[in-house]
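Dear colleague,

I am passing on a structure that I have been looking through, and my notes on it follow below. Please read them with the model open beside you.

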Amino acid sequence: MKKVLFIAFLAIAGFGKMNAQQGVLNGGLNVGIPVGDADNVSNFTLGAELNYMFPVADGFTLGPSVQYSHFFGKEFDLGGGITAEASDLSFLPISGAARFNITNDFIVGANIGYAVGLDDGNDGGFYYRPIIGHKIGDNTQLNLSYSGISVDGGNISNISLGIMFGL
């Protein structure tokens, strides 16, 4: 818990020192397919996010981001009519986000931070998320991303498709 508070303090202090220009709030939802270690215990993921982005240069924005990621546990057939289900996993990634407009319609970016584990025995871990997006309206964007959370003994990750809205 001390790590989480320290990271939150650094994020708030760092973003508070940014350019005093007006930021832009956006939020969205995504659905994903677990890959790697997560594929062994989960069938799909759902997530939500909020970002507050500040312009720092032409076509380049930075800001804090908070997300919620939920990995739904798989059901396993153990034979003889017996089934078992893996536990769901939930995370609250707190990160810094960077976005760069390649063109008027396409963006690339990344989030880096820490994902707080929300389940018993889930300590969370280092969080990273490269992202590409396509603007489909003035305030709407489709995103394709890979999210990874480095946890003890592995990596909980997914590939997701999402939609973001300017708020």
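Two strands are said to pair if DSSP finds at least two bridges between them, and strands (E, at least two residues) are themselves DSSP runs, numbered from the N terminus. This is a predicted model, in which local features need pLDDT of at least 70 and side-chain atom pairs count only at pLDDT 80 or more, while totals for chains, interfaces and linings use all residues. Residues are numbered from 1 along each chain as its sequence is written, and side-chain values use heavy atoms, with hydrogens and water left out.

Strand β1 (residues 24-36) runs antiparallel to β10 and is joined to it by 11 bridges. Among the facing residues, isoleucine 33 stands opposite isoleucine 159 in β10, and valine 31 has leucine 161 as its bridge partner there. Strand β1 also runs antiparallel to β2, with 9 bridges between them, and valine 24 stands opposite methionine 53 in β2. A hairpin of 5 residues connects β1 to β2.

The surface carries a nonpolar patch with about 950 Å² of accessible area together, and its members include Val31, Phe44, Val108, Ile159 and Leu161. Such a patch is made of residues with over 30% relative accessible area and no salt bridge, its nonpolar side chains (Val, Leu, Ile, Met, Phe, Trp, Tyr) being joined within 5 Å; a salt bridge is a side-chain nitrogen of Lys or Arg within 4 Å of a carboxyl oxygen of Asp or Glu, and areas come from the Shrake-Rupley method with a 1.4 Å probe. At least two residues of the patch are supplied by each of β2 (42-57), β7 (106-117) and β10 (154-166).

Valine 108 is found in strand β7, and at 30% relative accessibility it counts as partly exposed, given that buried means under 20%, exposed over 50% and partly exposed in between. Serine 69, in strand β3 (residues 60-73), counts as buried because its relative accessibility is 15%. Leaving aside neighbours within four places in sequence, serine 69 is in contact (heavy atoms within 4.5 Å) with Leu46, Gly47, Leu89, Ser90, Phe91 and Pro93.

How values were computed
Patch = residues over 30% accessible without salt bridge, like charges linked within 9 Å, V, L, I, M, F, W, Y side chains within 5 Å. Helix = DSSP H or I, 4+ residues; strand = E, 2+ residues; numbered from the N terminus. Buried < 20%, exposed > 50% of the residue type's maximum accessible area, 1.4 Å probe, protein only.
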